[in-house]
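Keep the structure open as you read.

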Amino acid sequence: MHFSIQNILFLLVAVAGFGLFAWQVRKVRANILVGRDRDMSGNVSERLNKTLLVAFGQQKMFKRITPALLHLIVYVGFIVINVEVIEIMIDGLFGTHRALSFLGPLYSLLVGTNEVLGALVIVAVAAFWWRRNVGGVRRFTGPELRMWPKLDANIILYVEVILMVALFTMNAADLKLHQLEGAELPGAFPISSLLTGLLPSSVGALEVLERVGWWAHIVGILCFLNYLPSSKHFHIIMAFPNVYYSRLVPQGQFSNVDSITHEVKAMMDPSYQVPAPATNPDGSAMAPTPFGAKDVDDLAWTNLLNAYSCTECGRCTSVCPANLTGKLLSPRKIIMDTRDRVEEKYNSPLIFQPNLYGTEAKHAGQEVLDKETHTLLRGYVTPEELWACTTCNACVEACPVNINPLESIIEMRRFLVLEESAAPNSLNVMFSNIENNGAPWAFSPSDRFNWADDLFVTEKA
Amino acid sequence: MANLAAAGEEPEILFWVGCAGAFDDRYKRVTRAFVQILEHVGVKYAVLGMEETCTGDPAKRAGNEFLFQMQAMQNITTFEGYGIKKIVTACPHCFNTIKNEYPALGGNYEVIHHSTFLQQLINEGRVGVSGGGEFKGQRITFHDSCYLGRANNIYEAPRDVLAALDADLVEMKRSKANGLCCGAGGAQMWKEPEPGKKDINVERTEEALAALDGNAAALANLNGVESGNAGATPAPRNGQQRSIIAVSCPFCMTMMSDGVKNKERENSVQVFDLAELIATAEGLNA
């Protein structure tokens, strides 16, 4: 053990890093909780099972094999390298050096795996960068993916390379230092042993390099941790609660609006007792909640959790039949808009400036209003986008972390129809046909049995 | 149903015809085909006739929850009045709504889509389709309905039904959970599509034609707006031989038929519902 000023400095940096992260997470949590209540308790084992398969096991990633394998490398690398972070924390706090080396052969295996994965991560990240910036993968383009979202994606890739380079600098310098001193460094270094030749042979320089690598790695990680809440990369954390709280019912089942059920029951049966409206703690009646969603606080908290789990991969948009055929709707944009709007209206984390991609991504017809009065619906999402949805559930099926853009789309349609009567005219015709004729087409109910006219069916009712 | 109830009898199943099955000229043929199958196997069934009314599906998808619940309550009251327990329907939208959305309003029934029902009849040997008859060796591709497939995880039943025809089944590039919508769901059936570069049913039909024609080049190019001319009327693979797009939903039927017309292929490619294929194979022509 070799205690020094470095350890105190490290303690301060670590506390600041984690403290700041906790503070940012609190803001995100508060943002999610502005959504409407929805009871998601129960079904614990089914939910855990799903989390294990979809979030840990990345089940839904493997619909597309190339990105799935690249992503798997970075994901496994992230998990294994975290073990090294534990060692770094111990070393940093207590002035030890490679505190876990007592594990012996297991330690060699760990460090060795780590190095191989680190190298693979660099390869995978390079492939990701190429796919995104050169390869012309269609889902990485689109109006919602300009400016900040594009920059954000690339920053993540650059930071991952920097972190890996720092790791290899630290290991290679440490290795060469030990070689020069004729000592044995515990662990196996399949990659760093190839790099030692690139380093200077002066002990002093190597000591500095080792420290620079060590500090760059851990400070880099802490900075990255605090970048997460502002970034799409937050999915590495939010994917887990998001999958846990995802819907367990069939995808075709749309939510029931209970307040309407009470009204309809009262209409059909005059003796039906409508439950008393909810009251404030002081006993006064609460303002009635609108039907559907106009703004983010009209959505359920799970829809807002969705928004923070989105990594903007665009798998939803790339399978959306409306988007594929050139319509404005992009399920990814709906989710990104939700996050932008909630951070504009409530808290935003340190780095994120809501709507940084601003007017460039705005569709024609989207109202540009001031911060106070413009809402998710119309301020960000236009009715034209909403009416293009075929409710086919392709986006829901495609999302690797079980985000449900369809639910938000339906909630906003409900607001348009029930609060504003702003449905396209042809749909209003369909509504009145159902009301008057019991069918969406203008046919008389008395013709409903005509199909049986020339059939041998025994008798007509 | 009213007649049966008056006679004090209880049907084995209630056949829910649905608005399309009752009013759409093309889908009325499917209704008749399915009824003929029911008569053929001797299932004791009933229909509601004029007491049936829209399930409310298009209203709910379009956001009109109030209208949906009015319709649903009305239908539930009818069901309860007759003590209905088991419902079979040829419409995936009616199927999904009654099965998944009526329970929250107090309506709990065993709801079966006709593809599952036909599969059961075939498995039980009640429908023979020996050797597939006239469909033997014909090229058939099945278009998954979103409300049957993704919405309710029914992928195998329609394929099993088609397999009984002993036809040459080909899959489209996007099928089962990755299937592409016909473009009519979510109340799109009743409105013009939003401005875009192509209609969804045309995209889907191009894909179906590419699969039926074995047109690998068109398949590789199919990617939405980029595929403008991918399905540009290539020669049918086997000269005179017909190909079939099988569907199991009235909206898919309309959209795919329109798509085939749009591609001017109605002479060589036909769109049939599963019930029609089985009824024809059994010699029960309507």
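**Helix packing and the chain contact**

In chain A, the axes of helix α3 (residues 65-94) and α7(A) cross at roughly 110° and come within 11 Å. Here helices (H or I, at least four residues) and strands (E, at least two) are DSSP runs, numbered from the N terminus. Axes are lines fitted to C-alpha atoms, for helices over the stretch in contact, with angles running from 0 to 180 degrees between N-to-C directions. This is a predicted model, in which local features need pLDDT of at least 70 and side-chain atom pairs count only at pLDDT 80 or more, while totals for chains, interfaces and linings use all residues. Residues are numbered from 1 along each chain as its sequence is written, chains are lettered from A and ligands numbered from 1 in the order in which they are written, and side-chain values use heavy atoms, leaving out hydrogens and water.

α3(A) and α7(A) are therefore roughly perpendicular to each other (65 to 115 degrees; under 35 counts as roughly parallel, over 145 as roughly antiparallel and the rest as oblique). Their crossing is left-handed, which is to say that the near helix is turned anticlockwise from the far one by less than a right angle. On the α3(A) side, I81(A), V85(A), I88(A), M89(A), D91(A) and G92(A) meet W214(A), H217(A), I218(A) and I221(A) of α7(A); contact means heavy atoms within 4.5 Å.

Now follow α7(A) to another partner. Helix α5 (residues 148-180) of chain A packs against helix α7 (residues 203-227) of chain A at an angle of about 150°, with the axes 8 Å apart. α5(A) and α7(A) are therefore roughly antiparallel to each other, and the crossing of this pair is left-handed too.

What does the contact between the chains look like? Chain A gives 65 residues to it and chain B gives 74 residues. Between them, chain A and chain B bury about 5,900 Å², 67% of it on carbon and sulfur atoms (buried area is the accessible area, with a 1.4 Å probe, that two parts lose on being put together, summed over both). On the chain A side, W441(A), R448(A) and W451(A) lose the most area to chain B, together 14% of what that side buries.

R448(A) also has a charged partner: its side chain and that of E52(B) meet in a salt bridge (3.3 Å, N to O). The term stands for a side-chain nitrogen of Lys or Arg within 4 Å of a carboxyl oxygen of Asp or Glu. Two salt bridges are counted between chain A and chain B.
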